[in-house]
Amino acid sequence: MRLAIMQPYFLPYIGYWQLMGAVDAFVVYDRIKYTKKGWINRNRMLLNGSDALFSLPLGQGSDSLMVCERQLAHSFDRQKLLAQLASAYRKAPQFESLHPLLQRVVLDPSSNLFDYLWQSIVKLREHLKLKTQLIVSSTVAHDESLRAQDKVLAICESLGAKTYVNAIGGLDLYQSEAFAARGIELKFHKASPIEYPQFGQAFVPWLSIIDVLAFNASADMDDLLNRYTLL
């Protein structure tokens, strides 16, 4: 069985979904520390030819809290965020088919940060027609005190993974020898450069998956999702 493990992100870029499609099971961390400067609750969209941030506002909480312990702000205006995304992509060729998905994701009533992110990941997986099994990390039997490579190895062993696939950004974080000692093959996913028309302007890469879906027909998504290499 081929496995990947990732943090939850809000409408992440296409590489996240490529990695998901490259494995049989995809574990999403829920008991992981929230980081302010990361991409857990924010992403980038195309606005007037440039990238622009959009985000989920969070309620007050200690910096030591985990993602599953954080709440969305009571002031979070789901309709406003939906309107911002719709305004940015209303003239995109695939907006009509994209908008119902945006409604289901953005207007979800979940108030817990992880629950809100999880529902978005599930809905995007279904929309992209990926068959990968999704698993919440806290449902996997393992020692929660473990960190980094040791934690990954424990989850792999608990689920019976024979191959672990990590995003290319973790190339220096994991040692193939440590995985091999447990009978697990270590691979790295590297997304290939992707370019497509964006309102006839200079291409802005690696935006949210929403950008990809706004400009590319569903018939072309299989090809885009398979533009990667495993190293």
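1. Surface patch. In this predicted model, Ile168, Leu171 and Leu231 make a nonpolar surface patch of about 250 Å². Leu231 sits in the segment after strand S8 (228–230). Leu231 counts as exposed because its relative accessibility is 51%, and the cut-off is over 50%.

2. Aromatic pairs. The structure holds 15 aromatic pairs. One of them joins Tyr89 and Phe215. The geometry is edge-to-face, with 6.0 Å centre to centre and 75° between the planes. This pair links distant parts of the chain: Tyr89 belongs to helix H2 (residues 78–89) and Phe215 to helix H7 (residues 209–215), 126 residues apart. Tyr89 and Phe215 are both buried.

3. A second pair. Tyr164 and Tyr174 also pair edge-to-face, at 6.1 Å centre to centre and 70° between the planes. Tyr164 is in strand S6 (residues 163–167), and Tyr174 is in the loop between S6 and helix H6 (176–180), so the pair ties together parts ten residues apart in sequence. Tyr164 counts as buried at 0% relative accessibility. Tyr174 is buried too, with a relative accessible area of 15%; the limit is under 20%.

4. Ring cluster. Tyr89 and Phe215 come up again here.

5. Charge over a ring. Arg42 lies over the face of Trp39. The distance from the ring centre is 4.6 Å.

6. Helix H1. This helix spans residues 14–21 and is mostly covered. Seven of its eight residues are buried. They are Ile14, Gly15, Tyr16, Trp17, Gln18, Leu19 and Met20.

Methods: Residues are numbered from 1 along each chain as its sequence is written. This is a predicted model: local features need pLDDT of at least 70, side-chain atom pairs count only at pLDDT 80 or more; totals for chains, interfaces and linings use all residues. Side-chain values use heavy atoms; hydrogens and water are left out. Buried means under 20% relative accessible area, exposed over 50%, partly exposed in between (1.4 Å probe, protein chains only). Helices (H or I, at least four residues) and strands (E, at least two) are DSSP runs, numbered from the N terminus. Patches are made of residues with over 30% relative accessible area and no salt bridge: like charges are joined within 9 Å, nonpolar side chains (Val, Leu, Ile, Met, Phe, Trp, Tyr) within 5 Å. Accessible areas come from the Shrake-Rupley method with a 1.4 Å probe; for residues, only the protein chains shown count as cover. A salt bridge is a side-chain nitrogen of Lys or Arg within 4 Å of a carboxyl oxygen of Asp or Glu. Rings of Phe, Tyr and Trp (its six-membered ring) pair if their centres lie within 6.5 Å; planes under 30 degrees apart count as stacked, over 60 as edge-to-face and the rest as tilted. A charge sits over a ring if NZ of Lys or CZ of Arg is within 6 Å of the ring centre and within 35 degrees of the ring normal.
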